[in-house]
Amino acid sequence: MQGNFAYKIHKTPVMKEIRVGLIGFGTVGQGLAHTLFNQQETLRRKVGATFVLARVADLSVEQLPPPFSKVPLSDSADDVLNDPAIDIVVELIGGMEPARSFLLAAMAEGKHVVTANKALLSVHGKELFAAAAEHHVEIGFEASVGGGIPVIKALKEGLVANKIEVLRGIMNGTANYILTQMTEHSIPFADALADAQQKGFAEADPTYDVEGIDTAHKLAILMSIAYGRHVHLDHITVEGISNLKPVDVEFARQFGYRIKLLAISRNHGDHVEARVHPTMVPEDHMLAMINGPFNAIEFRGDTVGDVLLYGQGAGMMPTGSAVAADVVDIGRNMLSGAVGRVPALSYQSDYFSDPVITPMQELRCPYYLRVNVLDQPGVMAAIAGILGKHGISIRAVIQRGRQAGTEVDIVFRLHESNEAAVNKAVAQIDALPATTLPSVKIRVLIDDRE
Ligand code: HSE
């Protein structure tokens, strides 16, 4: 039977049970419950164990729906935390407290934990990872970045033999959906946001999505793993997309770019960049082609070169898949006596230190600058003079034809320039008598594709 393989079962494995306690039966919690239920047989075959949803705690659910009706439900997390039969506690309530206390309490009880809580990890990660090490338990957080994309596992394990030189990507589906809608349908930001909220991608408070905060949470987590540094939310410079106008999207297109909300970190050896902001991406770059609510995360490793991971960054089942992957990883390590095999942040904790972040004022990149001015003689010369005085070189310029009023948008594409110089120039341009609105500055991707 050439080309045909038959599997032989030599012995019946002893089936173990891994018992999971879930705090929070919201969208992602349901995703996990359904995944463990739907994939039970597949996981049994892959792992040699049965993963059981043993207990659920949720404040607002009165009864679990089928097929979970028989799973014990409580409105107190303590019932999960104090159940000695539970091996892994999964926290999916989000927010700082009581999520932080629940995770610390579970770990103090010797239970392994899994969380999707990016906001919590980007602020209290140092404390939580230290607690996991102290109590010799595992802490899984795959679903905290990139929804269903196995980005954390890829970074910790697949790319372990690399120094990460560049880490960047689209890490918020809501913002990407909004920018895609603005690009494809020329609609204002507010209309695109309302549409995203209606489709259910947005966080409870969409400010986190549109002001780049959710993206910064995720960047802090990935940077911590990539560099072996405790990167905190406060290390990251964050600008959102709420002041972008359809006109910016249109000009970007004319220059051959798409505007994306990017998380960017470049490793300069003794310091690392940490920034989230709208970015003009060349239209033939792969990140420019990521549309709708999708996420994509790009790494450049010194051994592997460029790697791009793409997929659904939010949603019940994709995120449930990622949480389940953590549960299974922990279960496998428990079964093989290998708990702690892969450190939570990839590096041994002895090597961890605080990061040195590149000051934003030292950044050098190309820029897009939109200036709204009265259409008067000499205005263009005045702006060009200010840019020249600050050592900023103009690569291209477009002026929109005069409209009904007397204001016009002049858009400059600037060669690679220094952030501090651009900021000083913008302040002077905005102080000109002919300038009618604050100028809009968008950084352009440093296009260093290999
Ligand atoms: N609100 C987030 C997003 C969900 O839009 O990507 C996943 O973090």
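Let's start at the ligand: one of its oxygen atoms sits 2.7 Å from a polar side-chain atom of Lys-218. That is a polar contact, meaning a pair of N or O atoms within 3.5 Å; inside the protein, one atom must be able to donate a hydrogen and the other to accept it, and residues adjacent in sequence count only if both atoms are side-chain atoms. Taken alone, the ligand exposes 260 Å², and the protein buries 90% of that. Those areas come from the Shrake-Rupley method with a 1.4 Å probe, and for residues only the protein chains shown count as cover.

A quick word on what you are looking at. This is a predicted model, where local features need pLDDT of at least 70 and side-chain atom pairs count only at pLDDT 80 or more, while totals for chains, interfaces and linings use all residues. Residues are numbered from 1 along each chain as its sequence is written, and side-chain values use heavy atoms, with hydrogens and water left out.

Back to the ligand. Which other side chains make polar contacts with it? Thr-174 has a side-chain N or O atom 2.7 Å from a ligand oxygen. Asp-209 has a polar side-chain atom 2.8 Å from a ligand nitrogen.

Now the whole shell, where a residue is near a molecule or strand if one of its heavy atoms lies within 4 Å of it. Around the ligand we find Lys-118, Asn-172, Gly-173, Thr-174, Phe-201, Glu-203, Asp-209, Asp-214, Lys-218, Gly-313 and Ala-314. By class, that shell has two nonpolar, four polar and five charged residues. Here Ala, Val, Leu, Ile, Met, Phe, Trp, Tyr, Cys and Pro count as nonpolar, Asp, Glu, Lys and Arg as charged, and the others, Gly among them, as polar.

Let's return to Lys-218, which is found in helix H10. Helices (H or I, at least four residues) and strands (E, at least two) are DSSP runs, numbered from the N terminus. Is Lys-218 buried or exposed? With a relative accessible area of 4%, Lys-218 is buried. Buried means under 20% relative accessible area, exposed over 50%, and partly exposed in between, with a 1.4 Å probe and protein chains only. A polar atom of the Lys-218 side chain also lies 2.8 Å from the backbone oxygen of Met-171. Not counting residues up to four places away in sequence, Lys-218 touches Lys-118, Ser-144, Val-145, Met-171 and Asn-172, where contact means heavy atoms within 4.5 Å.

Next, please turn to helix H13, residues 379-389. Its buried residues are Val-379, Ile-383, Ile-386 and Leu-387. As a general point, an α-helix has 3.6 residues a turn, so residues three or four places apart point the same way. On the other side of H13, Ala-381 and Lys-389 are exposed. What covers the buried residues includes strands S13 (364-374), S14 (394-399) and S15 (407-418), and helix H14 (419-430). After H13 comes Gly-391, whose phi is positive, near 75°.

Arg-266 is found in strand S9, residues 257-266, and is buried at 14% relative accessible area. Leaving aside neighbours within four places in sequence, its contacts include Glu-165, Tyr-227, Glu-273 and Asp-448. Gln-40 lies in helix H2, residues 40-47, and is partly exposed at 24%. Gln-40 and Thr-50 are ten residues apart in sequence and 6.6 Å apart in space, C-alpha to C-alpha.

Last, some backbone details. A cis peptide bond joins Pro-66 and Pro-67, with omega about 5°, and Pro-67 lies in the loop between strand S2 (49-57) and strand S3 (73-74). The bond from Glu-97 to Pro-98 is cis too, with omega near 5°. Pro-98 sits in the loop between strand S4 (88-91) and helix H4 (99-108). Where is phi positive in a residue other than glycine? Ser-186 is one case, with phi near 50°. Ser-346 is another, with a positive phi of about 75°, and at 18% relative accessibility Ser-346 counts as buried.
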